[in-house]
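Grab a pencil and work through these exercises with the structure open beside you. Each task comes with a solution that goes step by step.

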Amino acid sequence: MARFIVRNIVKFILLMVAVSMVTFVLVSISPIDPVQANVGQAAYVNMSEAKRAQLAEYWGVNTPLWERYASWFGDLLHGDLGTSLRFNAPVADVIATRAVNSLALMATAWVVSGVLGFGLGILAGANRGRPIDRIVKGYCFLLASVPTFWLGLVFLIVFSVWLGWFPFGFSVPIGVSAADVTLADALHHLALPALTLSVVGVANIALHTREKTIDVLESDYVRFARTRGLSTWGALRHHGLRNLALPALTLQFASISEIFGGSVLVEQVFSYPGLGQAAVTAGLGGDVALLAGIALFSAAFVFGGNLVANVLYGVVDPRMRKGEARARA
């Protein structure tokens, strides 16, 4: 256990360093001029050379890459993520504010996609070869090939423009102060983005659960339960759910990276003020401090999900733990 903990701590530290370095390098080689991108083309053309030089120094345009990275990394070791020049606020504050919206969106989509995918997978596997099985498989294959942003645009047109059931975007009603926003308002604005993200995430868990359901139904212990008079659903409920739930839960934790990546597109389509939208704003504006902070947060978030998935793999299949123990020996 101690070796497992130390190994993952080392992996986490190396991951954070690598992510931060790649972020700084990508921003430095980007053709985007931070000054021009943030003041606008017209204002930049009419600006004096002295003012341009002043803003370039403020954005650190002419500072060498490794000097900027060393300065930022030194501040990071003291718990300071820097200041977002685009939002004119500490990066930690921007992330803390935006993370609440993003985590609510991703958590809702994660739970809904997991429950819906698990249910559809069992339904399809228990009715293998029947029309309901073909419908579920076709639905999953179609969703797996549909771009998230395109589905979000379709949902926005149908449910917001045509039907008027949901707002066009944002996380709160326009013109309403934060103190007057109710939980119902927040959930109303959250519903359509979360629905879009969860619908896309159903396919993998449903198809995986379908295959596991077929395997369970063809196992000896379920066949024995059937000979004792149990129905298919009764055998699954009493003898198969644990064998289906743990692998599905493991796969669901491993899909956190896909949920996080999809949330970036969904937030952009629905103008939802989360980390994804802030990352796009930072990238287009060359705000390297904010972009690096969001990259570190997202990497830590995905690392945590994968770590939980790896632990669950050992719970599902103890042979993995024994294999790792023999490999270390």
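**Exercise 1. What volume does the largest pocket have, and which residues are closest to its centre?**

Step 1: the largest pocket comes out at about 700 Å³. On a 1 Å grid over the protein atoms alone, a pocket is an open set of points with protein on both sides within 12 Å along at least five of seven lines. Its volume is the space filled by probe spheres set on the points, which are joined across faces, edges and corners.

Step 2: look at the lining, meaning residues with an atom within 4 Å of a point. There are 30 of them, and Phe24, Trp59, Arg68, Val288 and Ala289 sit closest to the centre.

Keep in mind that this is a predicted model: local features need pLDDT of at least 70, side-chain atom pairs count only at pLDDT 80 or more, and totals for chains, interfaces and linings use all residues. Residues are numbered from 1 along each chain as its sequence is written, and side-chain values use heavy atoms, with hydrogens and water left out.

**Exercise 2. Which helix gives the most to the lining of the largest pocket?**

Step 1: list the helices (DSSP runs of H or I, at least four residues, numbered from the N terminus). H1 (2-29), H4 (49-59), H5 (65-77), H14 (275-285) and H15 each supply at least two lining residues.

Step 2: pick the top giver, which is H1 with 6 residues.

**Exercise 3. Why is the pair Phe297 and Phe301 called stacked?**

Step 1: learn the rule. Rings of Phe, Tyr and Trp (its six-membered ring) pair if their centres lie within 6.5 Å; planes under 30 degrees apart are stacked, over 60 edge-to-face, and the rest tilted. The structure has 12 such aromatic pairs.

Step 2: apply it. The centres of Phe297 and Phe301 are 6.4 Å apart and the planes are at 10 degrees, so this pair is stacked.

**Exercise 4. Is Thr148 buried or exposed, and which residues does Thr148 contact?**

Step 1: check the scale. Buried means under 20% relative accessible area, exposed over 50%, and partly exposed in between (1.4 Å probe, protein chains only). Thr148 has 13%, so Thr148 is buried.

Step 2: find the contacts (heavy atoms within 4.5 Å). Leaving aside neighbours within four places in sequence, Thr148 touches Thr196, Val200, Gly262, Leu265 and Val266.

Key:
On a 1 Å grid over the protein atoms alone, a cavity is a set of points where a 1.4 Å probe fits but cannot get out, and a pocket is an open set with protein on both sides within 12 Å along at least five of seven lines; lining residues have an atom within 4 Å of a point.
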